[in-house]
Amino acid sequence: MSQFKSEEEAAESGVYIRKIQSFVKREGRLTKGQEKAIESNWETMGLEHKSGLLDMNEVFGRTAPVVLEIGFGMGKSLVTMAKNEPDKDFIGIEVHRPGIGACLADAQEQGVTNLRVYEHDAVEVLADCIPDGSLSRMQLFFPDPWHKKRHHKRRIVQPAFVEKLRSKLAIGGVFHMATDWENYAEHMLEIMAVAPGYKNLSSTNDYVPRPEQRPLTKFEQRGHRLGHGVWDLMFEREA
């Protein structure tokens, strides 16, 4: 890689640089309900990476603040947020098909219309589909912690990622992270503290209490009962 200034330059020279993935694609089995939800709702709620740069007003049929969530799992909290904040539009990105199906089924059941989803690698969607300055909030809740030290490089929160993300946030837009791994919380804080153009919204310059807009998950409630911690971090784009 050292002789190339970028992956693009390497690709032009016919050299393929393997990207480090921040996720492992665990296919899982689609239930009949999930499959049906994808078939019924993909045309209205599905977004395709290959379609390129989004026109948010066209996608949602209105002008409203846009919230993007990476790795929404089964989508329960994302659907809840979209329902609770009807004045905003939501985009979710997930690579696991059963999660996509569960999210669409839940959205259909609850009559949520201000939500769209991608089934694709979030880093590529961010680079190719999200216009600069278009996001009011970016959410990354309970990402894979890659807890072994040798795997830390796979963690999605890295200097290059947060720099790319900053360009997608509007000025005043917020990057909201949450994790139940203290070591990952420390890693996030360390990366964000030196990332240019961000301001920590914590009054103590570290973590914030869980904001009302982030629903408490069953998993989290169980963690609280067992005395496990959850750390929320919120950083605002200043420049």
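## Strands and their pairing

Two strands count as paired if DSSP finds at least two bridges between them. Helices (H or I, at least four residues) and strands (E, at least two) are DSSP runs, numbered from the N terminus. The model is predicted: local features need pLDDT of at least 70 and side-chain atom pairs count only at pLDDT 80 or more, while totals for chains, interfaces and linings use all residues. Residues are numbered from 1 along each chain as its sequence is written, and side-chain values use heavy atoms, with hydrogens and water left out.

Strand β7 (residues 198-200) and β8 run antiparallel and are joined by three bridges. K199 has E236 as its bridge partner in β8. Strand β8 also pairs with β6, in the antiparallel sense and over six bridges. Strand β8 itself covers residues 231-237, and six of its seven residues are buried. Here buried means under 20% relative accessible area, exposed means over 50%, and partly exposed is in between (1.4 Å probe, protein chains only).

## H176 in strand β6

Which residue of β8 is the bridge partner of H176? The partner is M234. H176 is found in strand β6, which spans residues 169-179. H176 counts as buried because its relative accessible area is 0%.

Contact means heavy atoms within 4.5 Å. Not counting residues up to four places away in sequence, H176 touches M138, Q139, L140, F141, P211, Q213, R214, D232, L233 and M234.

## The nonpolar cores

A nonpolar core is a set of buried Ala, Val, Leu, Ile, Met, Phe, Trp, Tyr and Cys residues joined through side-chain atoms within 4.5 Å. In soluble globular proteins, nonpolar side chains tend to be buried together. The largest core in this model has 35 residues, and the members that touch the most others are I91, V157, F161, V162, F175, M177 and Y198. Helix α8 (residues 182-193) supplies the largest share of this core, with five residues. Another core lies apart from it and has 20 residues, including A37, I38, V67 and I100.

With neighbours within four places in sequence left aside, F175 is in contact with M138, L140, F161, V162, L165, L169, M192, Y198, L233, M234 and F235.

## Rings and charges

Rings of Phe, Tyr and Trp (its six-membered ring) pair if their centres lie within 6.5 Å; planes under 30 degrees apart count as stacked, over 60 as edge-to-face and the rest as tilted. By this rule there is one aromatic pair. F161 and F175 form it, edge-to-face, at 6.5 Å centre to centre with 65° between the planes. F161 lies in helix α7 (residues 159-168) and F175 in strand β6, so the pair ties together parts that are 14 residues apart in sequence. Both F161 and F175 are buried.

A charge sits over a ring if NZ of Lys or CZ of Arg is within 6 Å of the ring centre and within 35 degrees of the ring normal. R155 lies over the face of Y184, 4.6 Å from the ring centre. R214 lies over the face of F141, at 5.7 Å from the ring centre.

## Annotated positions

An unreviewed UniProt entry places the feature "binding site" at E69, E94, D121 and D144. These positions are spread over 76 residues of sequence, yet they cluster in space, with a largest C-alpha distance of 14.3 Å. UniProt positions are given in the numbering used here, feature names are shortened, and annotations may be inferred rather than shown by experiment.

E69 is found in strand β2 (residues 66-70) and counts as buried at 2% relative accessibility. Beyond residues up to four places away in sequence, E69 touches L78, M81, I91, G92, I93, Q139 and F141. D121 lies in the loop between β4 (115-119) and α6 (122-128). D121 is buried as well, with a relative accessible area of 13%.

Is D106 buried or exposed? D106 is buried, with a relative accessible area of 10%. D106 lies in helix α5 (residues 97-110) and, leaving aside neighbours within four places in sequence, is in contact with K76 and V79.

A127 is found in helix α6 and is partly exposed, with a relative accessible area of 36%. Residues up to four places away in sequence aside, A127 touches K164 and K168. A127 and F161 are 34 residues apart in sequence and 10.0 Å apart in space, C-alpha to C-alpha.
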